[in-house]
Amino acid sequence: MKSRFVSTLKSCNKAKPAFLILMLWAAVVLVPNLAPARIFIDINAPAVQKLQIAVPAFSTRASGAAEPGFGGKLADIVANDLEISGYFVSIEEDAFLPGAVKDVARDAIRFKDWSLIGAELLLACTYNAIGQSLELEVRLYDVFRARRVYTKRLLGKRNDHRTLAHRLSNEIIYLLTGQKGMFLSRLAYVNRLQGKENVYKEIFTCDVDGHNAEQLTFDKGLSILPRWSPDGKKLLYVSYKDGGPMLYLKELGTGVDRRISARKGLNIGANWAPDGRQIALTLSHGDNPDIYTIDLKGNILDRLTRHWGIDVSPVYSPDGRKMAFVSNRSGSPQIYIRDLQNGEERRLTFEGKYNTSPTWSSLNRIAFSGMDGGRFDIYTINADGTGLQNLTQGGGNNEDPCWSPDGRYLAFSSNREGGYHLYLMTAGGRNQTRISFQEGEQTSPSWSHY
Amino acid sequence: MKKKALFVWMVLVIACSSLLLMTSCAKKQIGAGEAEGMQEQPAVTEEAEVPSDEGYAEREKQRQAELEALRQKQLEIDAFESVNIYFDFDKSELKPESQIALKNKAAWLENNPEYSVRIEGHCDERGTNEYNLALGERRANAAANFLMSLGISGDRIRTISYGEERPADPRHNETAWARNRRDEFKLFK
């Protein structure tokens, strides 16, 4: 409802106030069929009916044309984003009828042609590329009602057109769900590459659609376990570049890379407290792996576990009051929850003999990777132990779950198609989509802030 | 300074030896291709000022014996390093055959006090990197503790865990996993 009004307001933001009020009055009183329910997506509904959307190639006038196929490229990026969101099915371009969009600028659309192929929404955009500047004019149509529901102008850079297209995707998501879109966030991950002499692992980042990959480490050794800070400006990772598994902090803006924990034995599996001021990690001092907290300079603040067993993979609850971690104190790796206030620890997972990699969402659900029948799947469970759900039944190993900051999506790695690659799915396990297609094997995703 | 003195000495030796070569080149054929022979050349030629067939044969024999000992040592090192010990899934307890292998290693270390050992703990690919890094450390420590219980000083033992990051067999099946759940042993001085 809100977004509908917002869009109406935006589309006539240059109109005089009196006219605007008249418009609103007209919208509310004279046009009762403007009820937005039909195209507003209730993301909290247990089963979301996907909307059929058509995104034809962005058109342009000859004067503003980029290279051939550029308009199609932009449309593909947006259509793919919308599919990844899990709320849309993008109709194949082959199904489009010729001439169904006659002139976007004049809203000359043959709505019947679009409804014929099943489209409920039509996203018809034009672009204008002049030098390095790139302008998009966005129009979203409700095909059933034969009406434009949203108009927007977006400005960006041509050599960064993917970012501009992702911004457009975010606009559509916000318009239809009232939620911030995820398409301007990034994933950090590990890429395993085959060198001439040995296999090595480097940290990379990419857009959530898997494109725009950027390499962050160049040690040709072992760089693993990247963890994005809550503000998205820093990255923790573990590297063997100084002879053993030690913890490093990279500042992404400046590229400054500092070693912050180089104690004997393990300095691994670090995770950020929600305020970004302290880090929980596993230190072994060469002897027994326990969970500690350290500050950003690496000074030990506290020791949280004192147990002969293996204690690893600490992760904070969104309010910072609890911590989930993995321990084999019962004989096999299981997930435990520790109350950081009173120090009480209780076991969370009881099904299966091998449950690891907990990750705690902002919506208070815990995802983890569990082995059953020799295969790993991604499960989710409530912090009180109820509502266990297997999200990835069938098809290879599924590991390294990682929540999106809004808690509505999971990134994970799977070898269901051979080597390990990155996938996304909704919090309920729907819409599992492979996003990484680069050389090597990709694992260990960490999601930046939105 | 030292270098300069050495250089003058070598020039002298080479001058002498080239003189000798002209007079008695028949005696100087053997071992010329040997890398180690080249290094020892000054010593050989120096003493060759009093040429004697028996003396030469004696030294050559000695040199060959030294080489043989080196080869033997390298074989021992290779043997030491080639024997891994293996673990069950999610376990770091030493199996009986691993204990035998470690006893052999301890005995060798006892006889070769100039060597230290680096123990690398590894896991198969199943499970998380983090848990496996901890498990790999456990496996390395299990072997280290056993060696220490046999009297090898802790100062001569280093441990490192590679978790699942350095598989010996890159395949994804039971055979590969069994080969990857291991401790490797690297000697250093």
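This is a predicted model: local features need pLDDT of at least 70, side-chain atom pairs count only at pLDDT 80 or more; totals for chains, interfaces and linings use all residues.
Figure 1. Side-chain values use heavy atoms, without hydrogens and water; residues are numbered from 1 along each chain as its sequence is written, with chains lettered from A and ligands numbered from 1 in the order in which they are written. The side chain of Arg227(A) forms a salt bridge with that of Glu130(B) at 2.9 Å, N to O (a side-chain nitrogen of Lys or Arg within 4 Å of a carboxyl oxygen of Asp or Glu). Glu130(B) is at 7% relative accessibility and so counts as buried.

**Figure 2. The salt bridge of Lys201(A) and Glu165(B).** The two side chains meet at 2.5 Å, N to O. Lys201(A) lies in strand S9 of chain A and Glu165(B) in the loop between strand S3 (157–163) and helix H6 (174–180) of chain B, so the pair joins two chains. Both Glu165(B) and Lys201(A) are buried. Across the interface of chain A and chain B, the rule finds two salt bridges.

**Figure 3. The contact between chain A and chain B.** Chain A contributes 38 residues and chain B 20 residues to the contact (heavy atoms within 4.5 Å). About 2500 Å² is buried between the chains, and carbon and sulfur atoms give 53% of this area; buried area is the accessible area (1.4 Å probe) that two parts lose on being put together, summed over both. In chain A, Tyr240(A), Ile310(A) and Tyr354(A) lose the most area to chain B, together 21% of what that side buries. Between the chains, 12 residue pairs are in polar contact, both residues at pLDDT 80 or more (a pair of N or O atoms within 3.5 Å; within protein, one must be able to donate a hydrogen and the other to accept it, and residues adjacent in sequence count only if both atoms are side-chain atoms). Among the strands of chain A that each supply at least two residues of the side touching chain B are S11 (223–228) and S19 (311–316).

Figure 4. Six of the six residues of S19(A) are buried. S19(A) pairs with strand S20 (residues 322–327) of chain A in the antiparallel sense over four bridges; pairing needs at least two bridges found by DSSP. Val315(A) stands opposite Ala324(A) in S20(A). Five residues lie between the two strands of the hairpin, and Gly320(A) in the turn has a positive phi of about 75°.

**Figure 5. A salt bridge within chain A.** Arg186(A) and Glu214(A) meet through their side chains at 3.8 Å, N to O. The pair links distant parts of the chain, 28 residues apart, with Arg186(A) in strand S8 (residues 186–194) and Glu214(A) in strand S10 (residues 214–215). Arg186(A) counts as buried at 18% relative accessibility, whereas Glu214(A) counts as partly exposed at 44%.

Terms used:
Buried means under 20% relative accessible area, exposed over 50%, partly exposed in between (1.4 Å probe, protein chains only).
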